[in-house]
Amino acid sequence: MENVRLLTNQNPFAAAQQPTILAPQLGGSDDWYGACSIETFLPGVGNLFATHEDAYGFLDYPTRFRTANFWYKDAAVQSWMYGETFDNYLDTFGADAVTAFYHSGHGGMDANGVFFMPMGSAWGSETWANSNQMALGNEEARYVFLSTCFSLRVLEGHSPIRTWWNRCLGFRMLFGFETVSVDNPNYGKFFWEEWNKNKSLGQAWLDASWRISHGQAPSVVAVGANQAEATDRLYNERFLNRQAVTRNWFQWRWYNAQRAAGTALAMNRIPEKLSKLEFAPMIGRTDGAQEMAYQLGFTRDSFNNVGIDPAGNLIVESEGRRAFIGSDGRREFLLKSINTENRKAISVDRAIDIAQKALNDLNLTSRQQLSVDTYRVGYTCGGTQEGSGKMDKEYATDITVLFRPVIEGVSNVNHDHGNFSVTVDNDGSITTIRDTTRPVENIREAKLYNGPRTTKPNTDVEKMLKTAAKGRYGKSRITLLSDTVRVGYDYSGKSGNLVAQGTFEADFGQNIRKQFIIRVPIPVA
């Protein structure tokens with residue numbers, strides 16, 4: 001690399017850069033940002049653990065450029081902020097007082113498609129905020145983020161039109177979930193990390209969720225004067241825009257992950273042979289990445305003009321392609337846009353074949369075994385209530401094939417570390433390659449260890465997970481989702497240690513649920 005350019009943080013407003021600020025700046029009246037997060041709810045609704053960190057992660061990055069109006073927490077979050085009468089109170093506070101509004105907490109949806117959220121305290125007699133009382137976008141709101149369960153349902157008879165059409169008075173996009181979501185602190189943070197890879201707002205939201213859990217279905221809807229405008233906004237809108245849009249068409253997109261047929265990587269018991277992995281150090285941020293890029297069509301000249309952002313990540317651009325080479329060794333190659341006009345879905349088998357060929361061509365299997373584990377389907381649909389109304393038929397636009405490392409028959413457990421994935425659209429074109437694999441330098445034998453005691457170590461994986469989860473959400477009914485139980489290596493640390501992992505679902509009653517992931521070390525020495 002002959003020339004490395006120092007890049008400034010990308011401004012979500014595509015405006016002049018401002019000095020970097022080291023923490024979320026609140027108390028302004030620029031009407032750009034506002035957030036609410038609830039961890040402690042009124043009696044009768046179980047508490048959460050990660051929503052404040054979630055909202056912080058969302059506010060932290062953009063408030064380096066513009067001050068946020070507010071960040072309300074817990075008891076300060078009341079229903080007045082969401083109803084039409086006060087949602088732009090004093091032209092500063094409320095869900096319709098800012099261009100981008102972020103809410104993190106509980107959420108649910110009833111059989112009639114009404115979305116509801118329990119509040120942190122009562123406002124008069126009101127303790128919940130309901131979508132059928134909202135009117136968003138006739139004042140300031142253009143981007144509404146609802147980091148809750150069931151905030152944007154798209155399946156089982158539900159649709160964004162059913163829930164949000166009459167609530168949309170000018171907002172451009174709404175971000176949420178089709179499913180129960182995982183209580184996790186990183187949605188907001190990961191959203192901006194993905195956005196800084198030059199992804200659209202919608203793509204960044206979906207990919208941020210994928211990094212947290214492959215078992216949930218994130219969703220996003222865009223609004224437009226017609227189908228073409230809404231579709232373009234859904235896939236391509238990148239910077240925040242304060243202009244209201246005409247509501248004539250909704251177009252939405254979501255992810256749905258499935259286990260690949262014939263795979264057998266999800267071990268749910270402690271293996272007979274135990275090991276610890278020692279990862280090779282990442283020597284230089286471009287370790288192996290340049291050769292991968294050349295094979296993927298990047299020119300050699302493109303590596304003579306590399307950008308490095310404030311976080312130490314390398315950015316390479318070449319003839320419409322973009323490579324992101326993380327300071328932690330992860331790599332993502334954005335090769336082309338998905339052809340959303342091709343509605344003839346590619347078969348899972350063909351997508352896997354294309355992904356497997358890419359894996360072989362890049363020669364990644366020379367340093368470790370990588371096997372197909374999961375595939376994720378990207379779907380889209382659209383419709384309108386204008387005139388006599390119309391609803392398109394949903395269709396798949398792309399398939400992402402996920403490969404996991406396998407060491408002596410044992411895989412990893414991570415959603416965001418140690419894996420390799422390839423996204424293929426219906427044309428059979430590879431649009432994105434993501435590589436977070438880590439070369440293993442040494443495999444050290446180990447054995448079960450139970451401390452100084454002479455009793456036999458516990459090897460009941462489900463019992464270990466349930467013990468660790470006990471009491472996590474108070475008196476809520478907690479269920480271990482048996483198909484999520486996995487024993488394998490944790491690739492997120494400096495070494496690969498054997499762990500048990502499982503996803504639990506907490507039922508708080510009143511149609512309120514939440515998932516959480518438990519990871520327990522397997523005691524080995």
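## The cavity

The residues that line the largest cavity divide into three nonpolar, four polar and three charged, where Ala, Val, Leu, Ile, Met, Phe, Trp, Tyr, Cys and Pro count as nonpolar, Asp, Glu, Lys and Arg as charged, and the others, Gly among them, as polar. They are A50, T51, D54, S104, S147, V182, D183, N184, Y187 and K514, and the space in this cavity comes to about 40 Å³. The structure holds one cavity of 30 Å³ or more.

On a 1 Å grid over the protein atoms alone, a cavity is a set of points where a 1.4 Å probe fits but cannot get out, while a pocket is an open set with protein on both sides within 12 Å along at least five of seven lines, and lining residues have an atom within 4 Å of a point. Grid points are joined across faces, edges and corners, and a volume is the space filled by probe spheres set on the points.

## Basis of the model

This is a predicted model, in which local features need pLDDT of at least 70 and side-chain atom pairs count only at pLDDT 80 or more, whereas totals for chains, interfaces and linings use all residues. Residues are numbered from 1 along each chain as its sequence is written, and side-chain values use heavy atoms, with hydrogens and water left out.

## Overall fold

The chain has eight helices and 27 strands, taken as DSSP runs numbered from the N terminus (helices H or I, at least four residues; strands E, at least two). The C-alpha atoms fill a box of roughly 65 × 60 × 50 Å along the principal axes.

## The largest pocket

About 790 Å³ of space lies in the largest pocket. Of the 34 residues that line it, H214, G215, A257, D483 and T484 are the closest to its centre. By class, this lining has 11 nonpolar, 14 polar and nine charged residues.

Strand 11 (249-259), strand 17 (369-384), strand 26 (495-509) and strand 27 (512-521) each supply at least two residues of the lining, and the largest share, six residues, comes from strand 11.

## Helices 1 and 3

The axes of helix 1 (residues 51-60) and helix 3 (residues 187-195) come within 6 Å and cross at roughly 25 degrees, the axes being lines fitted to C-alpha atoms over the stretch in contact, with angles from 0 to 180 degrees between N-to-C directions. Helix 1 is therefore roughly parallel to helix 3, a term that covers angles under 35 degrees.

Contact, meaning heavy atoms within 4.5 Å, is made by D54, G57 and F58 of helix 1 and by Y187, G188, K189, F191 and W192 of helix 3.

Methods. Angles under 35 degrees count as roughly parallel, over 145 as roughly antiparallel, 65 to 115 as roughly perpendicular and the rest as oblique.
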